[in-house]
Amino acid sequence: MEMTKFFMMVVFLGTIMLWIMMPTLTYKNKWQPYMRLKFGASTYFGATGTTLFMYMSPMILVACLGCVYLHFKKRKSPHHIDRETKRGVWSALRKPMLVKGPLGIVSLTEIMFLAMFVALLLWSFITYLRNKFATITPHSAAAEGQSLWQAKLESAALRIGVIGNICLAFLFLPVARGSSLLPAVGLTSESSIKYHIWLGHMVIAIFTAHGLCYIIYWVSMHEISQMLMWDTKDISNLAGEISLVAGLVMWATTYPAIRRRFFEVFFYTHYLYIVFMLFFLFHVGISYSFISFPGFYIFLVDRFLRFLQSRDNIRLLSARILPSDTIELTFSKTPRLVYSPTSILFVNIPSISKLQWHPFTITSSSNLEAEKLSVVIKSEGKWSTKLYQMLSSSSSDKIERLAVSVEGPYGPASTDFFRHEALVMVSGGSGITPFISVIRDVIATSQTQKCKIPKITLICAFKNSSEISMLDLVLPLSGLHTDLSSDINIKIEAFITREKEARSSDAATEQIKTLWFKPSLSDQPISSILGPNSWLWLCGILSSSFLIFMIIIGLITRYYIYPIDHNTYKIYSWTSETIIYILVISVSIMATSSAAMFLNKNKYVENKQVQNVDIPSSTTSCGYNSMREIESSPQESLVQSTTLHYGERPNLTKLLLEVEGSSVGVLVCGPKKMRQQVAKICSSGLAKNLHFESISFSW
C-alpha cells in the first residue's frame, strides 16, 4: 500500500517538475525537441502525442494509483488507532494559521502549499518574460511592424495566458467528488471547495488580464478586427473571448451576497463551465490543451458517473418533522454501502426542482444502521422551505410517496477521531448535524470493538427552545437497546440564546411528527455501485476509457488526419480536430462508465427482488402517520447527560480549556464568527492539547 502511494507521488512530482522546467531554455532547447521526436512524430497521434503522453497520461496514472491505494487502505481496520504517529510536527502543521481574512480558516500546511503554488506561477511568468524579452530588439520589433513596447506587450499577454493554464490544470480536481485524488491525500470534496474557489479567482483574473492585454495591443496596432478572428489553423481569438465571457458570468455569481440570496442564479450559471471549457479548447487547439486537460478529464468521468447514479429513484422510508422547521429524511440503503462520519449526500426532489441538487450532511452511521441512511434538512432557503411546507402541512398525511434522487455519499476515506482521548464538537443551529453521525459512529464502535472510546463533549447553541428538538436526532429511531452511558461518556451543553427561561409546558411539549411513505416497486435503495465503496471499478473506468480513447483517436489520426496533415499541424483544421477529440473522449467515458454501472447493478438484482417481495407487508404495517414521543432507556440517558443554559452564549474559551485529556480533537460547524473563534482558541497556545480538525461543512 505504501509503495503504491510512493509511486503515485513520484509520478505526480514528475509532472510538477515538467511545469517548473517548461519556461526554461533547457526545456525549450533540449527537453521539448526530444519529446517531440519521441512522442510527436508518430503517425498515430501526431503533434498531440507530446502533450498526450507527457502531461495527460501521468495524471490519469496518478488517479488510477490513487484508486489502488485507497482500495488497500480500506481493507485495513477502519478504526486502527495510533495515538502517537500524528502528533508533533504534523499536529503543528494542521493548526489554524490564519483565522480571519478572505481565505477563511487556513492551516499552516495550506499556507505552505499556496505559497509554493504562487511561487510556481511567478517563477514561470518571470522566466518566460526574461527569456523572451532577451530576444526582442528594436530591429526585430520593426521587422514585425511593431514598436518595442508593443512587441513586449504581445509577448507578455501570451505568457499571462500560459500561466493561467497552470491554474486551469488544477481547477476541476477539488469538485470531482468521487475522484481518488482528494481522499488519497486525506481531503474531501467538501473541504476542498475553498481550493476550487481560490483557483477560480486566479483563473478568471489571469485570463481577464490576458484578454485585456491583447485588446490593448490590437487597438494600438489598429487591428481591432482581430477580436472577431476564428483561425482554423491557429489560435482562435473569438473562441477565447467567448470562453472568457462565460467564465466572467460564472465568476460574477460566486460572490457570497449573490450566491446566498440568488442561489438559483449561481447554480444555473455554473453550467456555463461547459461553454467555458469547450471554447477554451477551440481557442488553443486540442494539442496544447492536453497540458491542462487531465483534471477536467477526471472531472468528466466523475460527473458522468454521478449522472448515472442520479437517474434512479431512491426508496424514501420516512420523514420526521421537528418543531424547529427541520426535517429528517430516512432512505433505504444496501448493507454493503459504507461511509465515514461527516459524509454528505446530494438530494434532488423533482416535485420541487428537477435541476437543483443540494448537499446535506448524513446523520446516520453505516456501522449502527446497516440498512438506513438519514439526512437532516433545515428550512432556510427557498428549496428547503418548500420541502418543509410540503411535509408539515395538514395535507401531508395524503402523501404516500415522494420521488427522490441522490448522489453520493461523499466524505473522507477514513476518519481519525479515535486517535484523540476526548472530542469536543461545537455547533450553532443546524450545524449540529455533522456531529450526529460522529456520535452514532462512536456508539457503534463502542458496541462492536474493544478499543478506548474518546470522551465526547457537545456544545450546541440554538436561538429558540424549539430547536432543542434537534437533539432528539442524536440517537436513531431503532438499533439501541442498552443504556447509553454504558457505551460512551457524553456530555451535552445546550445554550438557548434568545430565551431567558424554559417555555411553558404546552409549548415545550411540541412533538415530532413522523410520516411513513409507501415506496414504489421501481424505487431502489442507495447502493455502493460505484465510488468510494468500489475504488477498483473507478480505476478500471479511468484506465479503460483513456485506453479506448487513445486507440480510437490513434486510428482516426493514422488513417484520416495524417494523410491530410502529415504532422505539419497547419493543414487540417484545429476546430475539426478538436471536435473529433471531444466526441471520442465523450464516447469513451460514456461507454466504459455505462458498462461498469450495468455490470455492478446486476449484483443487486437478487437483493432488489427479495426486498420488493417484502414491500406490501412492510408498507401495510408502517403505512401510517404518527405523532409520538421517543421514550427509551438510551433517550432518557441522553437527557440526563444534557445541561440547558437559557439566555446566554457559550463561553467557548472556558469550555474548551476545561476539557481534560492529553489529546483533544476540536470540531466546529456553525456561523462564521463561531468557527473563527474556535480556530483562534485552538491556535492561541493557551492549551497544547487542543487539536483543531480542519473539516469544512459549508458549500
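Trainee: Is Phe 53 buried, partly exposed or exposed?
Mentor: This is a predicted model. Phe 53 has 28% relative accessibility, so it counts as partly exposed. Phe 45, at 13%, counts as buried.

Trainee: How are the rings of Phe 45 and Phe 53 arranged?
Mentor: Their centres are 5.3 Å apart and the planes are at 85°; over 60 degrees counts as edge-to-face, so that is the class of this pair.

Trainee: And Phe 296 with Phe 299, what kind of pair is that?
Mentor: Stacked, with 6.0 Å centre to centre and 25° between the planes. Both residues are buried. They sit three residues apart in helix H15 (residues 294–309), which means about one helical turn separates them.

Trainee: Which residues are in the ring cluster?
Mentor: Ring pairs link a cluster that includes Phe 172, Phe 290, Phe 296, Tyr 297, Phe 299 and Phe 549.

Trainee: OK, the largest nonpolar core. How many residues?
Mentor: 100, and Phe 172, Phe 290, Tyr 297 and Phe 549 have the most contacts inside it. Helix H3 (residues 48–74) gives the largest share, 13 residues.

Trainee: What does Tyr 297 touch, sequence neighbours aside?
Mentor: Leaving out those within four places, its contacts are Met 56, Ile 60, Leu 542, Ser 545, Phe 546, Ile 585 and Ile 589.

Trainee: Switching to helices: at what angle do H2 and H3 cross?
Mentor: Roughly 105°, with the axes coming within 8 Å. The two helices are therefore roughly perpendicular. Phe 53 is one of the H3 residues making the contact, and Phe 39 is among those from H2.

Note on methods
Residues numbered from 1 in each chain as written. Predicted model: local features only at pLDDT ≥ 70, side-chain atom pairs only at ≥ 80, totals over all residues. Heavy atoms only, no water. Core = buried A, V, L, I, M, F, W, Y, C linked by side-chain atoms within 4.5 Å. Buried < 20%, exposed > 50% of the residue type's maximum accessible area, 1.4 Å probe, protein only. Helix = DSSP H or I, 4+ residues; strand = E, 2+ residues; numbered from the N terminus. Contact = heavy atoms within 4.5 Å. Axes fitted to C-alpha atoms, helices over the stretch in contact; angles between N-to-C directions. Parallel < 35°, antiparallel > 145°, perpendicular 65-115°, else oblique. Phe/Tyr/Trp six-rings, centres within 6.5 Å; stacked < 30°, edge-to-face > 60°.
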